[in-house]
Amino acid sequence: MRSTYDDATVRLYHLGDDGAAMTLIYGPLSQALHVAEQQPTEMQDGLYLATDNDVVAYLDLIDG
């Protein structure tokens with residue numbers, strides 16, 4: 001993810017099995033990461049962070 005500073009504005013969303021995206025938060029990266037870590041483990045696999053120029057899976061970001 002190219003924009004990785006704490007105040008970067010991101011959209012944290014969950015991509016469901018049906019292909020529908022549900023936005024959990026639109027705000028600073030630091031806050032979005034906090035919200036993501038609070039989600040159930042089984043839901044975290046479908047979480048994605050999007051900036052104005054990139055998208056990354058939440059688990060890829062924290063494992064990387």
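How many helices and how many strands does the protein chain have? The protein chain has three helices and four strands, where a helix is a DSSP run (H or I) of at least four residues, a strand is a DSSP run (E) of at least two, and both are numbered from the N terminus. Read from the N terminus on, these elements follow the order β-β-α-α-β-β-α.

This is a predicted model, in which local features need pLDDT of at least 70 and side-chain atom pairs count only at pLDDT 80 or more, while totals for chains, interfaces and linings use all residues. Residues are numbered from 1 along each chain as its sequence is written, and side-chain values use heavy atoms, with hydrogens and water left out.

**Overall form**

For 64 residues, a compact globule would have a radius of gyration near 11 Å, and because the protein chain has 11 Å, it agrees with that rule; the radius is taken over C-alpha atoms, and the rule is 2.2 Å times the number of residues to the power 0.38. Along the principal axes, the C-alpha atoms fill a box of roughly 30 × 20 × 20 Å. Of the 64 residues, 36% count as buried, a word that means under 20% relative accessible area, whereas exposed means over 50% and partly exposed lies in between (1.4 Å probe, protein chains only).

**The strands**

Strand E1 takes part in two pairings, and two strands are said to pair if DSSP finds at least two bridges between them. The table sets out both pairings of E1.

| Strands | Sense | Bridges | A residue and its opposite |
|---|---|---|---|
| E1 and E2 | antiparallel | seven bridges | Thr 9 and Pro 28 |
| E1 and E3 | antiparallel | four bridges | Tyr 13 and Tyr 48 |

In the hairpin of E1 and E2, five residues stand between the strands, and Gly 19 takes a positive phi near 90°.

**The core and helix H1**

The largest nonpolar core has 11 residues, among them Val 10, Leu 12, Ile 25, Met 43 and Tyr 58. Such a core is a set of buried Ala, Val, Leu, Ile, Met, Phe, Trp, Tyr and Cys residues joined through side-chain atoms within 4.5 Å. Strand E1 (9–15), helix H1 (29–38) and strand E3 (47–50) are the elements that give two or more residues to this core, and H1 gives the most, with three residues.

Which residues of H1 are buried? They are Leu 29, Ala 32 and Ala 36, and because they cover an arc of only 60° around the axis, they lie on the same side of H1; the arc is that of the directions from the helix axis to the C-beta atoms. An α-helix has 3.6 residues a turn, so residues three or four places apart point the same way. The buried residues of H1 pack against E1, E2, H2, E3 and helix H3 (58–63).

Leu 47 belongs to the core and, leaving aside its neighbours within four places in sequence, is in contact (heavy atoms within 4.5 Å) with residues including Leu 12, His 14, Ala 36 and Tyr 58.

His 14 lies in strand E1 and counts as buried because its relative accessible area is 18%. With neighbours within four places in sequence again left aside, the contacts of His 14 include Ala 20, Met 22, Met 43 and Leu 47.

Is Asp 45 buried or exposed? Asp 45, which lies in the loop between helix H2 (41–44) and E3, is exposed because its relative accessible area is 57%. The C-alpha atoms of Asp 45 and Asp 7 are separated by 24 Å, and these two residues are 38 residues apart along the chain.
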